[in-house]
Amino acid sequence: MTATAARPSRILAISGSLRAASHNTQLLRAALKFNPGGQDIEIYEDLRAIPPYDLDLDTPELRPAAVTELRRRVQEADGLLIATPEFNYSIPGVLKNALDWLSTDWTRTEGLPLHRKPIAVLGASPANFGTVRAQLALRQIFVWTDSDVVVKPEVHVFRSHERFDADGNLTDEITIELLQQLLSALQSKIEASRA
Ligand SMILES: Cc1cc2nc3c(=O)[nH]c(=O)nc-3n(C[C@H](O)[C@H](O)[C@H](O)COP(=O)(O)O)c2cc1C
């Protein structure tokens with residue numbers, strides 16, 4: 001951290017996997033543990049509660065409560081950390097659905113939650129080439145939303161089942177190092193956006 005950062009950065013971490021033993025969620029837990037400093041990282045736990053996107057309900061008055069809460073948390077966060085699995089060469093529908101709800105401001109009164117938001121992406125997959133395409137698909141979404149996405153390092157945790165212990169702790173040294181580099185790059189973006 002530099003002297004310009006008055007308080008720790010607030011990072012909202014979102015996993016695209018709902019399953020309890022998700023490697024992607026475990027990566028986010030590892031981000032809390034190995035955070036190089038200067039960041040308060042909170043893991044978003046309510047992705048399951050986000051209803052299917054409905055434009056007819058996408059107003060400040062009509063939005064489902066879970067969506068309003070997610071939008072608030074994203075708007076209050078200094079940055080996002082998003083870990084996505086690869087589902088059918090893309091990101092899971094539940095994650096895309098949440099991002100759709102975060103991409104709009106039809107009444108032009110609230111601001112766009114993802115606009116210029118510093119975002120770091122990463123992903124885990126048990127396959128040899130898994131997560132590469134999913135992360136590209138995720139990055140593509142952030143072109144439309146005009147988010148400020150960390151370009152490097154890319155953190156592709158392939159053969160993910162080899163990188164965690166039986167309790168779900170990230171044990172792979174290279175992945176830990178990459179994760180720390182990613183968090184530092186996100187921090188730099190946040191500090192640049194504050195300056
Ligand atoms: C519906 C579905 C589609 C999947 N499609 C792919 C895929 O296209 N490429 C791939 O490498 N793995 C694919 N997988 C495997 C997931 O990447 C794997 O289950 C991953 O570990 C899920 O992440 P998690 O551990 O965070 O739950 C798919 C899994 C599911 C359930």
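Which residues in α1 meet which residues in α5? This is a predicted model. From α1 come Ala30, Ala31 and Phe34, and from α5 come Ile176, Leu179, Gln180 and Leu183. By class, this contact has 6 nonpolar residues, 1 polar residue and no charged ones.

Two packed helices are described by the angle between their axes and the distance between the axes. Here the angle is about 75°, and the axes lie 10 Å apart. Angles of 65 to 115 degrees count as roughly perpendicular. α1 and α5 are therefore roughly perpendicular to each other.

The helices discussed here span these residues:

| Helix | Residues |
|---|---|
| α1 | 23-34 |
| α4 | 132-144 |
| α5 | 173-194 |

Next comes α4. Its buried residues are Ala134, Gln135, Leu138 and Ile141. Seen down the axis of α4, these buried residues fall within an arc of 110°, so they line one face of the helix. An α-helix has 3.6 residues a turn, so residues three or four places apart point the same way. On the other side of α4, Gln140, Val143 and Trp144 are exposed.

What covers the buried residues of α4? The cover includes strands β3 (79-83), β4 (118-124) and β6 (156-157), along with helix α3 (93-101). Just after α4, Asp146 takes a positive phi of about 55°.

Last, the ligand. There are 15 residues around it, and Ser17, Ser22, Asn24, Pro85 and Gly130 come nearest. By class, the shell around the ligand has 7 polar, 6 nonpolar and 2 charged residues.

Note on methods. Residues are numbered from 1 along each chain as its sequence is written. This is a predicted model: local features need pLDDT of at least 70, side-chain atom pairs count only at pLDDT 80 or more; totals for chains, interfaces and linings use all residues. A residue is near a molecule or strand if its C-beta atom, placed from the backbone, lies within 6 Å of it. Ala, Val, Leu, Ile, Met, Phe, Trp, Tyr, Cys and Pro count as nonpolar, Asp, Glu, Lys and Arg as charged, and the others, Gly among them, as polar. Axes are lines fitted to C-alpha atoms, for helices over the stretch in contact, and angles run from 0 to 180 degrees between N-to-C directions. Helices (H or I, at least four residues) and strands (E, at least two) are DSSP runs, numbered from the N terminus. Angles under 35 degrees count as roughly parallel, over 145 as roughly antiparallel, 65 to 115 as roughly perpendicular and the rest as oblique. Two residues are in contact if their C-beta atoms, placed from the backbone, lie within 7 Å. A residue is buried if 20 or more other C-beta atoms lie within 10 Å of its own, exposed if 12 or fewer, and partly exposed in between; C-beta atoms are placed from the backbone. The arc is that of the directions from the helix axis to the C-beta atoms.
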